[in-house]
Amino acid sequence: MKNVLLIGAGNLGRRHLQSLKNSQKPIRIFVVEPFDEARALAETAFQQAASELPEKVASFHRSLDEIDQTIDIVIDATPATGRLIILKRVLALGAKDLVLEKVTFNSVSDIDQAGALVEQHAARAWVNCPRRLNPFYIQLRSVLATASFSRFEVVGENFGMACNAIHFIDLFSFLAGRHVYDISLAGVQDIVPSKRSNYIEFFGVASGAFESGPEFKIDCRESTSGVKFKIRIVTPINEYLIDEVAGRVEVTDRDGNTEALGFRQRYQGELTGPLVDAIIQHQQCGLTVFSESMALHRPFIEAAYALYASKYKENAMKMVPIT
Ligand SMILES: NC(=O)c1ccc[n+]([C@@H]2O[C@H](COP(=O)([O-])OP(=O)(O)OC[C@H]3O[C@@H](n4cnc5c(N)ncnc54)[C@H](O)[C@@H]3O)[C@@H](O)[C@H]2O)c1
């Protein structure tokens, strides 16, 4: 029986936990969450999640100090600030497989130290950018592999550019099969407090390009309406307009004929159990491999910190408060 440690049982951690109940394997789950209310909510959600599948034993803890077992797999769903300390501690508990949330680290120094630690402990780690698991994007990737394409765009409102840019950069990288890129945040006009206290959000335009193409743009405006955005991908043959919120894709050819397709991104509550099963069975999963994700985090975090420091104050850690 594998020991799985879930650290951080807030909004997303609770979904990871519910999904763990649907793992096909018998697993022992240790949940570490210091906030009493969040821990109680997670425990209730776990008990209420129906499952006919093999036995799951879960225990709930305030602190990592209470964990005295060797841990096999870690899911870290805490905020970015503080994740490096957690990484050090879970590697010391013997963990060899780790799924880390995005934004994984919010300083270049943490990215570099984390990379060295993962390597030193010969651990396998992945970052939870789950669009890579979506059958539509997997199929689109194989279509784009044979079509030279010039441009990606995400244009919309209120989708959280600072905290979600890495999801889109990860998707562009996945679809293009490249992970070296430049980014400019010169078009970001506003830096505002995030709904999450002590973090910030951006409004405006991020633009960049992968080495030898394609170019990309992430454009996020503030409005009084809710979250909306569309992803546009341009190839010489087709234009894809993906509206994840509405669950619809429009594919328009050169003659202007449009075909409409359905789109569905699975919830985290459906993803984590199968991911853990893949890790147990194959020591791999479809999420972004850690070293690749750090190569994607680095230019964005560097640019985000430079922007933040130019408008606020520099800090010794060169940390930009995004998560
Ligand atoms: N991959 C995705 O699609 C996706 C979606 C949503 C959120 N996220 C990311 O997941 C992370 C968590 O987001 P959230 O919305 O669940 O936040 P949240 O604030 O609801 O939950 C975070 C939890 O971590 C706990 N925590 C903080 N420090 C801890 C520590 N040292 N040990 C144990 N627990 C600790 C907090 O008490 C809190 O309950 C963020 O980095 C966020 O960006 C990713």
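## Antiparallel pairs and hairpins

Strand 12 and strand 13 pair in the antiparallel sense, joined over 6 bridges. Two strands count as paired if DSSP finds at least two bridges between them; helices (H or I, at least four residues) and strands (E, at least two) are DSSP runs, numbered from the N terminus. Within this pair, Leu241 has Glu250 in strand 13 as its bridge partner. The hairpin of strand 12 and strand 13 has 4 residues between the strands, and Gly247 in this hairpin takes a positive phi near 70°.

The model is a predicted one, in which local features need pLDDT of at least 70 and side-chain atom pairs count only at pLDDT 80 or more, while totals for chains, interfaces and linings use all residues. Residues are numbered from 1 along each chain as its sequence is written.

Strand 11 (residues 228-234) and strand 12 (residues 238-243) are also antiparallel, with 4 bridges, and form a hairpin with 3 residues between them. Here Ile233 has Tyr240 in strand 12 as its bridge partner. Strand 13 (residues 248-253) pairs with strand 14 in the antiparallel sense over 5 bridges, and Val249 stands opposite Leu261 in strand 14.

An open sheet is formed by 8 strands in the order 8-9-10-7-11-12-13-14, with mixed pairing. Strand 8 (181-193) and strand 14 (258-262) stand at the edges with a single partner strand each, so one side of each is left without a neighbour in the sheet. From one strand to the next, the twist averages 15°.

Helix 6 (residues 161-176) packs on the sheet and touches strand 7 (151-157), strand 9 (200-210) and strand 10 (215-221); its direction makes about 20° with that of strand 9. Contact requires C-beta atoms, placed from the backbone, within 7 Å. Axes are lines fitted to C-alpha atoms, for helices over the stretch in contact, and angles run from 0 to 180 degrees between N-to-C directions.

## A loop residue

Lys195 is found in the loop between strand 8 and strand 9. Lys195 is exposed, because 9 other C-beta atoms lie within 10 Å, and a residue is exposed if that count is 12 or fewer, buried if it is 20 or more, and partly exposed in between, with C-beta atoms placed from the backbone. The C-alpha atoms of Lys195 and Gly160 are separated by 9.8 Å, although the two residues are 35 residues apart along the chain.

## Around the ligand

The ligand is surrounded by 25 residues, the closest being Gly8, Gly10, Asn11, Leu12 and Glu101. A residue is near the molecule if its C-beta atom, placed from the backbone, lies within 6 Å of it. Helix 1 (residues 11-20) supplies the largest share of this shell, 3 residues.

Terms used:
Contact = placed C-beta atoms within 7 Å.
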